[in-house]
Amino acid sequence: MASFIERMCLYRVLVLSVFLSITQAVDRSNFKTCDQSAFCSRQRAMKPGQSSYTALLETLELSDSHLTVQLLNNNNKVLLLLELYRLQGNMTRVKINELKPIKPRYEVPDVLITDPPTELMSVLAQDEHRVVLSLGGEDWRLILSAQPFRLDIMEGPQVLLSLNSRGLLAFEQLRIRKDTKSQTDTEEAGEKEDTEKHDKEKVSEGEEEEAEEEVDQPGMWEETFKTHADTKPNGPSSISLDFSLPGVEHVYGIPEHADGLKLKNTDGGDPYRLYNLDVFQYELFNPMALYGAVPVLLSHNTHRTMGLFWLNAAETWVDVSSGQGSSEVPQTDVRWISESGIIDVFIMLGPRPNDVFTQYSSLTGTQAFPPLSSLAYHQCRWNYNDQEDVSAVDQGFDEHDIPYDFIWLDIEHTDGKRYFTWDNNKFPQPKDMLQGLLDKRRKMVTIVDPHIKVDSSYKIHTEIRSRGYYIKNKDGGDYEGWCWPGNAGYPDFTNPEMRKWWASMFAYDQYEGSMENLYTWNDMNEPSVFNGPEVTMHKDALHGPWEHRDIHNLYGFYVQMATAEGQIQRSGGLERPFVLTRAFFAGSQRYGAVWTGDNAAEWGHLKMSIPMCLSLGLVGISFCGADVGGFFKTPSAELLVRWYQAGAYQPFFRAHAHLDTPRREPWLFGPDNTALIREAVRQRYTLLPYWYLQFYHAQRTGQPVMRPLWVEYPEDIATFSIDNEFLIGRDLLVHPVTDERSSGVTAYLPGNGEVWYDVHTFQRHDGAQNLSIPVTMSSIPVFQRGGSIICRKNRVRRSSSCMENDPYTLYVALDSQGNAEGEIYIDDGHTFKHKTDKQFIHRRLSFTANSLSSSDLSPDSQFPTASWVEQVNILGAQKPDAVTLTATDGGESSVEFEFDPDTAVLTLRKPGVNAGVNWTLHLR
Amino acid sequence: MSCALLLLLTSLALVMGTGTAVEIQRPRGVPQSKRQFYEENKPFTCLDGSSTIPFDQVNDDYCDCRDGSDEPGTAACPNGSFHCTNAGFRPAFIPSSRINDGICDCCDTTDEYNSGATCQNTCREMGRKERESLQIMAEITKEGFLLKQQLIHEAKRGQEDKQGKLTELQGSKKGLEGKMEALRTVKKTAEDPEKEAKERHLKSWEEQKELIRMEKDKTRMAEAFLELDDDADGYVSVAELQSHLELDPDSDGSLTETETQGLLGGAGKVDTSTFETVWSGIKDKYLSEGLSDPPAPVETPKEEESRDFVSDHDSDHYPEDYAGEEEDVEDDEEDDDHEEEEKVPPTVQTPEKREDDELSMPPYDTETQILIDAAQKARDDFDEAERALREVDGQMKNLEKEIGFDFGPSAEFAYLYSQCYELSTSEYIYRLCPFNRVSQKPKFGGSETNLGLWGQWAGPEENLYSVMKYDHGQGCWQGPNRSTTVKLTCGKETVVTSTSEPSRCEYLMEFTTPAVCQEPASLDEVLHGHTEL
């Protein structure tokens with residue numbers, strides 16, 4: 001034992017020194033590689049080959065909702081139970097658990113919005129080798145092979161996906177520790193290989209000998225990383241499964257990683273890691289884990305888009321391997337490895353990208369419909385120092401005529417990092433401050449982190465302690481770790497009682513100094529524990545009966561859930577919440593916004609903001625943004641301007657800066673840069689109606705707001721790897737300038753036969769081409785799709801609320817047939833009345849046969865609006881002789897117009913109709 | 001600041017003058033000065049001339065003019081502006097986007113005519129408040145400006161004093177330089193005979209010392225003979241000498257008979273007189289039988305060792321970057337002084353080696369002593385003159401530095417020189433020493449932090465002396481060196497009124513001083529004009 005520890009120490013020193021020498025930004029030695037993670041290295045040591053599992057078809061049972069069959073591990077004779085479900089909406093669920101675990105294994109609760117409804121499965125054929133099941137349709141089949149166990153999902157003769165085809169199913173059964181034995185075993189390093197050989201012999205030898213002769217490997221019963229020991233009272237419990245995707249070269253998803261949109265081959269390197277971590281100064285193009293984890297992977301080729309949702313909240317590693325499968329067909333193999341829990345995987349069969357989004361959102365829900373103002377611009381800094389500072393910054397925006405909606409306060413606003421409190425010296429009158437903002441129809445966000453200062457005079461702490469709501473350490477005492485306040489406890493957000501209590505703390509009479517225009521930011525909820533292993537919580541900490549190991553990736557999800565619930569409750573269920581979170585999991589989209597954490601003021605990080613948010617959008621989290629300007633370090637004026645220009649076209653638009661960086665409010669870089677930033681922010685505000693509409697759709701359908709091009713052009717291979725430009729909805733294509741001293745960008749305009757209009761010049765370009773665009777500092781290359789109608793509000797005011805009743809300007813971009821279509825959505829912008837009382841306007845705008853008309857898409861809803869149509873711009877138009885307006889009551893009036901032959905833009909002057917009624921404009 | 005204040009007052013006065021006039025009908029949001037461009041029922045030409053529109057399209061909530069001039073009273077144009085009259089206060093332009101946005105911007109409420117916002121007309125109240133504060137400011141400015149005149153006067157006098165003193169010092173410097181040169185000659189003249197006399201003295205002492213040494217040796221030889229002559233037969237025999245192993249010529253540990261005989265010059269024994277030649281051969285090695293340990297061979301390495309140790313120790317203690325450069329410079333200067341002093345020939349205490357330890361040089365004879373005393377006096381006189389010159393140089397340097405400082409156009413900031421002003425906040429005491437440094441000291445223990453050293457005046461071009469910049473303060477962890485910007489405003493007193501840290505390690509200090517108060521031109525008239533409203 002002693003020698004083992006010594007060797008480990010030596011090893012660690014070596015590893016440490018190697019990593020120190022190559023350290024750039026992040027201190028990689030703080031975080032595990034697969035080799036340093038016992039279960040990952042154990043699982044990864046297993047190579048593809050014949051699976052040791054056999055499906056015991058004689059145990060097969062088929063009910064209306066699902067099929068069950070036992071799987072036998074031929075090596076150790078442990079039995080697993082496989083459950084197969086055919087789910088409504090073209091999905092298959094595969095669950096594998098131990099048939100008789102010695103204690104229950106963790107199954108992730110609260111992420112699925114319902115128990116997914118099933119559909120009838122029927123057996124098409126069966127013999128002793130396989131069972132063929134119908135998945136509906138003409139030729140959708142699932143083949144369950146017995147020896148070795150494998151599943152294939154087929155469409156006609158085509159294999160769409162195979163499971164365990166590489167034989168990497170591995171399920172470490174829970175076991176009783178054989179104490180003395182495990183110790184002697186770990187002393188022998190060479191034992192492992194011997195064991196493997198031994199096991200193989202056993203298999204070939206035969207059947208029913210003592211199957212229990214499994215030998216413990218190092219790290220099964222305890223593990224040490226740096227100075228941190230992980231006692232593993234439950235022993236090994238990891239699981240692994242492989243999936244093969246024939247015909248697939250492009251896979252996406254499994255955020256959060258600072259990497260390109262298309263996932264890379266992980267052969268020879270580390271797998272992508274999913275383990276929510278507070279990574280200081282993260283590195284780009286790296287599969288290391290970051291703050292959040294969504295175990296959802298999308299595959300795409302010209303025929304089909306599919307998804308895999310691996311519902312497991314423990315530390316997870318994902319290997320991706322692309323190459324040639326059999327008969328020179330490309331193939332991508334994916335292997336998931338998790339430390340504990342069960343195998344519970346949802347196979348979403350598409351076939352179109354939007355089908356996969358619909359399928360996934362039917363499982364975990366859609367993006368919460370945010371308050372309109374939260375789609376506007378947010379001004380943040382660690383920290384705005386005091387009330388005077390807040391007021392001066394607020395004033396600065398007005399003086400420089402730059403709109404903003406939210407000003408944010410980071411941790412320094414609190415009394416000694418005690419959340420829900422205010423520093424009395426700096427913020428003696430928070431309500432006065434909030435009222436001052438409210439008077440300008442603006443809002444504030446304060447940070448509320450889930451680490452609670454251990455201080456017997458701090459009400460939040462004493463309440464949590466006395467109610468027993470803290471996470472416990474392995475010995476049963478309250479778990480304590482270091483974070484901003486020093487010694488801190490961590491509330492157990494997995495406990496519904498705890499969440500209920502937490503939510504109640506946001507009531508106006510509980511959170512002193514709060515008002516209705518105060519919202520919340522949940523940071524550090526990975527959770528971040530400065531003195532913990534990998535800057536997070538010890539895995540042997542306890543959440544009731546479960547280890548932190550089991551729930552780790554869920555913690556941040558629950559924090560945001562409880563916080564959002566608190567905001568809803570404080571308004572009596574009326575107002576929509578706004579909560580930003582750093583850590584997240586599958587389903588986090590239901591509770592608010594996410595940002596990409598502590599990035600840096602570097603061009604590479606600006607570029608990276610695009611694939612990072614695109615990846616999140618693909619797995620349901622649409623409300624994503626990166627810190628504009630970069631959190632660490634100081635941006636040049638050029639970088640800051642370019643970041644504002646890019647950020648103005650990303651869903652969550654917030655500038656943020658580290659405490660140690662110089663001030664960077666938009667007006668501090670000279671009048672030219674101030675004007676450039678003002679213009680970028682103003683463009684955001686004019687497009688708020690469009691953004692709001694996209695989020696309305698996202699909430700209803702689960703479609704991402706910010707989309708990779710391939711989502712809309714799934715058959716265009718040229719789009720598959722693009723991650724330096726993106727679509728907002730279907731109709732706006734954005735190619736931000738992300739290079740220093742750029743004189744031009746090349747944007748790919750997709751769509752054979754389509755046309756695109758430059759939104760600034762209205763110049764028309766054909767689709768399916770790489771367009772070179774010369775740029776200056778004021779350029780933000782954005783194109784509107786021909787065939788679309790976009791509504792803007794061009795009267796940009798101090799804050800979005802001030803623009804509520806302002807009129808719309810319509811941009812009708814004609815396609816090559818002279819048609820266009822769009823929508824308009826209006827509600828009060830902040831309550832749930834659109835849902836509860838059907839108070840909203842949703843209309844279709846359609847231009848066809850020289851007529852533009854507005855018709856109701858939701859006749860049973862209503863909402864009174866003061867907004868009207870002040871102008872219509874028809875792009876790619878011809879000059880008419882006359883324009884007449886037919887109003888709801890049938891009355892006709894003529895409308896003045898202007899035609900610019902150079903740009904082919906027809907401008908209709910002041911139709912003046914209310915935005916909520918039917919009308920038609922005729923061009924003659 | 002005061003300049004801006006003046007402008008403000010002037011415009012206020014103008015407005016107040018016209019404020020009582022009858023309100024003339026003009027389109028909403030148009031200032032009086034542009035009224036003539038908006039003639040009712042006549043086509044309106046955009047103020048940039050870009051197009052002409054029917055008058056009913058003015059303020060019709062649709063933007064027709066590129067310059068926004070057709071919609072002075074609505075929010076239709078993105079670049080328009082709205083004029084509020086604000087009777088009772090001061091008129092203002094606001095961006096068109098603030099019309100009917102639900103927020104009261106104009107104190108006369110005219111910007112919110114159709115938003116449902118309930119605004120109170122606060123112009124009179126604001127006017128009153130502003131007049132009050134203007135009055136207070138005016139009084140402060142007035143008094144401050146008087147103080148400033150005084151400061152200028154004092155600074156002028158101070159400057160003259162300093163200039164005078166500098167001239168004076170320049171004069172005395174010349175004198176001192178002459179004096180020093182003269183004394184240098186005197187010193188030289190006195191030191192030459194001194195040197196000769198001393199050398200003479202030293203030489204005779206050396207001769208005397210040699211005699212004494214020989215005498216001593218003789219005594220030792222006699223003692224050794226007696227000691228060796230164990231049988232007291234008046235001869236030292238081979239056997240008697242053989243017990244002295246230390247004399248072993250080949251150091252093989254044994255003194256053979258032959259060897260011993262060799263020592264005795266081949267004889268079997270020697271008498272006292274022959275022993276003299278033997279003695280000269282063995283005296284260096286010979287150990288008196290009374291001493292147990294041979295001292296000489298051990299002692300030398302010991303001494304070396306300890307010397308090495310000391311020098312190692314030294315270098316350990318003072319690594320190259322240990323001492324600051326400034327200290328080095330000072331040390332060097334001092335070293336020079338020492339060297340000069342050391343040039344004086346060693347006196348009685350010259351350390352000689354052990355043997356001579358008990359021997360000390362006899363005092364100089366009277367004649368030599370007189371020469372030495374004379375030379376010493378010449379040296380002292382020279383040193384004193386040199387010191388005096390250095391002192392004058394130092395004074396001149398300081399004066400020149402002070403005279404060279406930019407204390408403002410009329411040296412009105414000169415009084416701040418070598419002063420310090422403190423401000424106590426809840427956590428820290430901030431200290432501003434103008435033209436020198438800014439620092440911060442925790443109230444409850446902890447060391448002082450340098451927030452910046454005097455850099456330069458850093459106000460805008462037209463008002464350079466309104467801002468001071470102090471930089472190159474203590475470095476910040478992972479950040480820049482600390483720096484402080486000091487904003488100066490007019491006040492009767494010289495006080496630090498506030499400090500803040502808008503950015504990490506970039507401090508902002510507000511400082512009032514009469515030195516920035518501007519002349520309150522025709523202030524009374526302005527204030528008089530106010531009260532009429």
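The questions below concern the cysteines of this predicted model.

Student: How many disulfides does the structure hold over all chains?
Tutor: A pair counts when the two sulfur atoms are within 2.5 Å. Over all chains, the number of disulfides is 10.

Student: Which elements of chain A does the disulfide of C613(A) and C624(A) tie together?
Tutor: The sulfur atoms of C613(A) and C624(A) are 2.0 Å apart, and the two residues form a disulfide. The parts joined are 11 residues apart in sequence. C613(A) lies in residues 603–618 and C624(A) in residues 624–625, so the elements are helix α12 and strand β32.

Student: Is the link of C476(B) and C505(B) left-handed or right-handed?
Tutor: C476(B) and C505(B) form a disulfide with sulfur atoms 1.6 Å apart. The torsion about its S-S bond is about -95°, so the disulfide is left-handed.

Student: Is C63(B) buried or partly exposed?
Tutor: C63(B) forms a disulfide with C77(B). Buried means under 20% relative accessible area, and exposed means over 50%. C63(B) has 23% relative accessibility, so C63(B) counts as partly exposed.

Student: Which cysteine sulfur is nearest to that of C802(A), and is C802(A) itself buried or exposed?
Tutor: C802(A) is in no disulfide; the nearest cysteine sulfur, 11 Å away, is that of C104(B). The relative accessibility of C802(A) is 4%, so C802(A) counts as buried.

Definitions and conventions. Residues numbered from 1 in each chain as written. Chains lettered and ligands numbered in written order. Predicted model: local features only at pLDDT ≥ 70, side-chain atom pairs only at ≥ 80, totals over all residues. Heavy atoms only, no water. Helix = DSSP H or I, 4+ residues; strand = E, 2+ residues; numbered from the N terminus. Buried < 20%, exposed > 50% of the residue type's maximum accessible area, 1.4 Å probe, protein only.
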